[in-house]
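Here is a short briefing on one protein chain. Please keep the sequence and the structure at hand while reading.

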Amino acid sequence: MFLIYFFLLGILISSAYAEECPALNSERDNQIIEYRATCEINGKIEINHSGVELRCNGAIIDGARVERYGVLINSNGKPLVDVLVDRCVIRNFLVNGIYVGWKINDDEKGNDAVLINKKTPQRITIKEVFVSNIGSVAIYLDDYVSNINVLDSKLTDNDGVALYLEHSSWGNKITGNLFARNGWGRKREALAIDSSSKNSIEKNRFENNAWGSIFLYKNCQEYANKNVHSVSRWQSSSYNIIQGNYFSNENIAIWVASRQ
C-alpha cells in the first residue's frame, strides 16, 4: 500500500512540476536511460539494443494523441534481450503505449519459427508502468516474442485492448497488474490471448472493462482479405495458467475460444 501511495505521489508531483525532457533512444547495448520524476517527454522512445534499462522514476511520456507509439522495443530482425522499462507514466498515444516485437509485416519474416523467435525480443521486463488513454492497444506483445514480464502495472482507460499477446508468442508472465475501464472505445476485452501459449496470468485485478477480462482464442483470419500480410496461425492458445485473479463488474471474466 505504501509503495502504491509513493508511486502515485510521484506522478502527482511530476505533473505539477513537469519539465520538458528529450526522448533519448537507445544507442548501444547495456545502456541506462534515466529520467527525473519531473520530466515530461513528448514523443517516442525507441529501444533496439540489448541490456537497455529505461528508468523513468515516474516521469511522463505523452503523445498528445498525435504520436503513434510511446515506447517502441523493436528488434529490427536481430537478437534483442534483457530490456527493462520501469516506472514510466505513458499516455495519449494513438496506437500503442508500449510495443514489443520485430516491426515488419508478418509475411516478410519467413516460415522458420525457431529463426523468427531468435530475431524477436525476449526477456523483456515491463514493471510498475501506468498506461492510459491509448487509442488502440496499451501494451502490444507482437508475434513470436517470449519471456516478457508485465509486472505490478496499471493499464486503465484505454480505447481498445489493454494488453495483447499476439500469435506465436509464448512463455510470458502477467502478474500483479490492474486492468480497469479498458475497451470502451472499441468494445474490446482487457487481455487478449491470440494464438499465444504457456503464459502465466496471475494475481491481476480486472474492473469495469467493456467486453470482458481475459479472452483466449486462435484468430481465424476472418479479416485476412483486408490485410494482405496476414499469415496462418499455427499455434493455439494452450497451456496458459490463469489463477488468483480478481474480477469486478465484468460482463465476462474468462472466455475460452471467444472467436470460434
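Which residue in β11 is the bridge partner of Leu-84? The partner is Thr-125. The model is predicted. The protein chain holds 2 helices and 25 strands.

**Chain overview**

- The protein chain has 260 residues, and 54% of them count as buried.
- Its accessible surface comes to about 11800 Å². Carbon and sulfur atoms account for 51% of that surface.
- Take the contacts between residues at least 6 apart in sequence: 72% of these join residues at least 24 apart.

- Strands of a sheet pair through backbone hydrogen bonds, either parallel or antiparallel.

**Strand pairs in detail**

- β8 and β11 (residues 122-127) run parallel and are joined by 5 bridges. Leu-84 and Thr-125 are bridge partners here.
- β11 is also joined to β14 (residues 146-151), again by 5 bridges and in parallel. Ile-126 has Val-150 in β14 as its bridge partner.
- β20 (residues 200-202) is joined to β23 by 3 bridges, and the two run parallel. Glu-202 has Gln-243 in β23 as its bridge partner.

**Thr-175, in the sheet**

- Thr-175 is found in β17 (residues 173-175).
- Is Thr-175 buried or exposed? Thr-175 has 16% relative accessibility, so it counts as buried, the cut-off being under 20%.
- Leaving aside neighbours within four places in sequence, Thr-175 contacts Val-150, Leu-151, Asp-152, Glu-202 and Asn-204.

**Ser-75, in a loop**

- Where is Ser-75 placed? Ser-75 lies in the loop between β7 (69-74) and β8 (81-86).
- Ser-75 is buried, with a relative accessible area of 0%.
- Not counting residues up to four places away in sequence, Ser-75 touches Leu-80, Gly-101, Trp-102, Lys-119, Thr-120 and Pro-121.

Methods: Residues are numbered from 1 along each chain as its sequence is written. This is a predicted model: local features need pLDDT of at least 70, side-chain atom pairs count only at pLDDT 80 or more; totals for chains, interfaces and linings use all residues. Side-chain values use heavy atoms; hydrogens and water are left out. Two strands pair if DSSP finds at least two bridges between them. Helices (H or I, at least four residues) and strands (E, at least two) are DSSP runs, numbered from the N terminus. Buried means under 20% relative accessible area, exposed over 50%, partly exposed in between (1.4 Å probe, protein chains only). Contact means heavy atoms within 4.5 Å. Accessible areas come from the Shrake-Rupley method with a 1.4 Å probe; for residues, only the protein chains shown count as cover.
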